Amino acid sequence: MKIKDIANKKNLQLAWSRITAGGNFQYKRLFRSIYYAYEIALHKNLDNLSERILGGSYTPLPPERVFIPKPSGLHRPLTLLHLEDQIVLQAFANLAALRMQKARSPLQRKCVFSNIVEHSDTPFFFLRWQKSYQAFQARIKDSFNSGMIWVGDFDLAAFYATISHELLIKTIYPRSPVSDSIWILDCLKVWSSNDSSSSHAHGLPQGPIASDYLAECFLLPVDKVMMNGEGYLRYVDDVRLLGASENKVRHDLIKLELCCKARGLIPQAGKFKIKKAENYEEAMGMLPSISDQQTMDITIYKERPKHISSIFFKSIQGNPPQVADKTRLRYSLYRASIDTKILTQVLLLVKAIQSIQMLSSSTFNVLSIASILRMFV
């Protein structure tokens with residue numbers, strides 16, 4: 001891995017596109033106003049960032065952390081990276097996706113169902129979580145119907161916090177000398193620590209979608225070992241071990257535990273149990289690690305439909321239609337229910353932009369349109 005690859009302007013642009021199109025809405029809403037301000041002079045800002053990375057004057061900054069209450073009474077940490085640190089982290093994840101996609105493809109939607117990358121050059125980094133989670137459910141059902149009625153639930157404690165930076169880099173770049181990776185290792189140390197005086201060599205910042213993908217890369221060696229036996233299904237750090245007998249599940253458990261501990265991961269003993277499922281629902285077990293922002297979004301789009309629709313149509317003027325108030329438009333589309341009238345107007349906007357062949361500062365960029373259309377399909 002070379003610093004120049006991270007600083008490549010095309011890669012930084014793709015990183016920005018994936019950050020703004022990401023499905024981590026709970027995280028993004030904390031930065032929305034900063035994203036808008038940075039986007040005003042986006043190309044100049046990215047050029048400047050690239051020059052500073054290549055020139056050695058870019059310095060990663062310690063993040064802030066907030067803690068979101070979980071149903072268990074504990075808290076989920078959310079790491080607030082500075083904006084340009086988010087871009088650099090995503091640029092690194094883009095390179096990781098290029099190298100790891102071939103290795104991950106045989107596992108995706110077969111035994112691994114989380115954070116699936118469909119294409120390496122699109123603004124949408126991951127396949128929609130709803131589709132991959134449905135595939136996860138379907139595979140459990142198929143396994144249960146085929147006679148795998150014994151189920152083991154396996155979980156990791158503090159998964160993101162225990163990921164070794166050095167092992168992560170070796171997984172992605174197994175043949176590169178450590179000296180080539182020192183720069184990104186130094187960045188990861190800063191981003192995973194509370195302040196510069198307590199930097200350490202493990203942990204990924206929770207919140208950015210880049211961290212979600214890098215965590216998948218870290219688990220790839222474990223997935224490869226476990227995929228040889230039937231019944232291993234994983235969604236993030238939640239694992240289902242299915243088998244036709246209790247002994248088979250226990251055998252797989254021992255193998256999985258040894259693989260995880262070899263990578264410095266900590267199995268959560270309190271959550272593990274083996275049971276004989278009487279039906280598909282019991283085989284499904286507890287809900288896997290679907291993040292709070294994903295479950296929240298389902299209800300957000302149903303909020304105050306008439307009021308939100310009114311805001312949407314007031315933000316558009318002219319013939320052909322153009323965006324008069326970009327902020328109100330984005331707000332209304334973020335909050336809107338599925339609405340055929342809104343969809344029709346969005347399609348008219350797309351048609352108008354295609355006929356103009358050029359975007360002004362008052363209209364959507366291509367990424368914004370793609371993000372909108374994705375809400376309705």
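How many bridges join β1 to strand β2, and in which direction do the two strands run?

1. Strand pairing. In this predicted model, strand β1 (residues 64-69) and strand β2 (residues 75-80) are joined by six bridges and run antiparallel. One of the pairings can be given by residue: E64 has L80 as its bridge partner in β2.

2. Exposure of β1. The strand has six residues, and the number of them that are buried is zero, so β1 lies largely in the open. As background, side chains in a regular strand alternate between the two faces of the sheet.

3. Cysteines. Searching the whole structure gives zero disulfides. C260 is in no disulfide, and the nearest cysteine sulfur, that of C259, is 6.8 Å away. The cut-off for a disulfide is a pair of cysteine sulfur atoms within 2.5 Å.

4. Burial of two cysteines. C260 has a relative accessibility of 2%, and therefore counts as buried. C217 is also buried, with a relative accessible area of 0%. The threshold applied to both is under 20% relative accessible area.

5. Surroundings of Q130. This residue belongs to helix α7, which spans residues 129-145. Q130 counts as partly exposed because its relative accessibility is 27%. The side chain of Q130 makes a polar contact of 3.5 Å with the side chain of W129.

6. Q130 and S114. These two residues are 16 positions apart in sequence. In space, the C-alpha to C-alpha distance between Q130 and S114 is 10.0 Å.

How values were computed:
Residues numbered from 1 in each chain as written. Predicted model: local features only at pLDDT ≥ 70, side-chain atom pairs only at ≥ 80, totals over all residues. Heavy atoms only, no water. Buried < 20%, exposed > 50% of the residue type's maximum accessible area, 1.4 Å probe, protein only. Helix = DSSP H or I, 4+ residues; strand = E, 2+ residues; numbered from the N terminus. Polar contact = N/O pair within 3.5 Å; in protein donor to acceptor, adjacent residues only side chain to side chain. Pairing = 2+ DSSP bridges.
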